[in-house]
Amino acid sequence: MLVDDEPFIMQGLKVLIDWGKENFEIVHMASNGKEAINYLKDNKVDLIIADIKMPIMNGVELLKKIREDKLTDAEFVILSGYNDFEYAKETMRYGCMDYLLKPINKDELLGILRKISDKNKENEIIEIHKKETETAYLQRHLIALIVGRYDDVNLEYITSNMRLSEGVRYVIIELPEIDRNDMTEGNTMKYRRELNQSVSDFLAEDGNHLIYDVSLNHSSYDTGFIYCDYMAEDRGMDDLEYLNDLQNSLEKVMNKSVRIISGKKVQDISAVSKSYSSACILKSQEVFHDAKPVVVYERQMSINPGKEMLFKNSVDDLVKAIELNDQTLIHKCIGNFYEKIGAAGLGNSVSLNINYLLFQLIHIAAELDDEIDQEEVMHRISESSFDEGVKRGSSLHMYKFACEYADYLSQLRKNVSHGILKDVEKEIKEHYSENLSLKKLSEKYFINCSYLGSLFSKKYGVSFKDYLTDYRIKEAARRLINTEDRIVDISSAVGYKNSDYFIRKFIEIMGVTPSQYRRQQKQ
């Protein structure tokens, strides 16, 4: 905004330089300070260039009024003649950025504009980092609630920084049909970033409900968000309509299949861990059934007596065979179960009976060790069974799952494998920069992958993935302090080829960017 009572001065400023080329636009021209004040009440500007001598309200009075009333944080540049220099110095007390002597020198004006542009770019970067840090901090509190290990501090922060309501669900969103040959670290992050951005755009002002890139996800392409009843109500919808609308919108944007799995509705955010747990169970069962685009807990668990029947005795026999870890008996029980289903012509009942079986198996494992994440174990086992290439929900798929779960229960009972964790910890210390995974370590040490993951989580209180990430980031922090290596080189050295991903994980754990951390430590 230009403020001067002499029209020819303002016209001269207007044509002196190519404002557009410098990424500026003259949005308003006022003839005195009062006119400028009226404009600022309803409009935003980044720079005000004002003459020091004007009627009604001069430049110094204008600047003083702006700062005292906090009308704008725009940069302020004063125009003055040689005789006004002492007068102009007064403006510096009110945060005047600079002054221009008349007649105005083109190069001096360009210098001021470019200094403002550079400052704005720095502020934008700082603002981005600030938002990333705030987001990471909020995510940490949310994860504490999701896993059910929280206190009043976590709950108070969440309720103070999120819009919430009664009626809460944890919702998993995934891209189920990604080519496995395309699952490199870079492409994984690309798909996740696209999905996260698409969900964030849909949620709009509720974007902070998004839970992204957390180890709680069971698939490399999962993301999730905290659904509240008001979200559907604001759009004049019910829960299912809202989730279907979200699923359709994401598929159009992503141009890929999108699956949504919603946990059961709980009273409020403090009980979200129960909704998360139920969503994980639904996800485990998806490996047995034909996948639906949108799955809601209450609908999936409802029973239609006219079309479905629970073959309780057959399923109980199968549960006993799994407990005994008797593969021959398991095979016989599964064959008997599918024969009865077929003879009764009740193919629709497979889903109901599998649901009953899975809940029974979780209960058995929980009695042996209630601290292990049983839903996570079940998901891993069911996914590995499906990875063999057998048909989803077939008798062969069921057999492979049952045998592996029986082996898991057997190892859980023996509980003699705690010593293996020392070897795993040593592997992390010596090979943290390599592509370590639970699957590879379980193969190396001849232990069930799912059981190893549960043992690890139980001992360290975090998943293997989170433990490895934390170790890598702490090693990166050590290198930032003790070396002058570039951040991109440190990222690669600790196992991250994607430096953007590395920076995001660093912010989540350390609370600042790598460059900020290095600067703080040096200071």
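I take buried to mean under 20% relative accessible area, exposed over 50%, and partly exposed in between (1.4 Å probe, protein chains only).

**Entry 1. Basis**

I worked from a predicted model, in which local features need pLDDT of at least 70, side-chain atom pairs count only at pLDDT 80 or more, and totals for chains, interfaces and linings use all residues. Residues are numbered from 1 along each chain as its sequence is written, and side-chain values use heavy atoms, with hydrogens and water left out.

**Entry 2. Salt bridges**

I looked up salt bridges, defined as a side-chain nitrogen of Lys or Arg within 4 Å of a carboxyl oxygen of Asp or Glu. The count by this rule is 22. I then examined the pair Glu-75 and Lys-119, whose closest N and O atoms are 2.9 Å apart. Helices (H or I, at least four residues) and strands (E, at least two) are DSSP runs, numbered from the N terminus. I noted Glu-75 as buried, at 13% relative accessibility, and Lys-119 as partly exposed, at 39%.

**Entry 3. Helix H20**

I found a salt bridge between Asp-470 and Lys-474, with 3.3 Å between the closest N and O atoms. Both residues lie in helix H20 (residues 464-482), four residues apart, about one turn of the helix. Asp-470 is partly exposed at 30%, and Lys-474 is partly exposed at 43%.

Is Glu-475 buried or exposed? Glu-475 is buried, with a relative accessible area of 13%, whereas Arg-479 is partly exposed at 22%. I next recorded a network in which salt bridges with shared partners join Arg-169, Asp-229, Asp-239, Lys-265 and Glu-298.

**Entry 4. Helix H9**

I turned to helix H9 (residues 239-254), which has 16 residues and reaches 22 Å from first C-alpha to last, close to the 22 Å expected; the expected span is 1.5 Å times one less than the number of residues. The buried residues in H9 are Asp-239, Tyr-242, Leu-243, Leu-246, Gln-247, Leu-250 and Met-254. They cover an arc of only 135° around the axis, so they lie on the same side of H9; the arc is that of the directions from the helix axis to the C-beta atoms. At the start of H9, a side-chain oxygen of Asp-238 comes to within 3.2 Å of the backbone nitrogen of Leu-240. After H9 comes Asn-255, with a positive phi near 60°.

Terms used: Polar contact = N/O pair within 3.5 Å; in protein donor to acceptor, adjacent residues only side chain to side chain.
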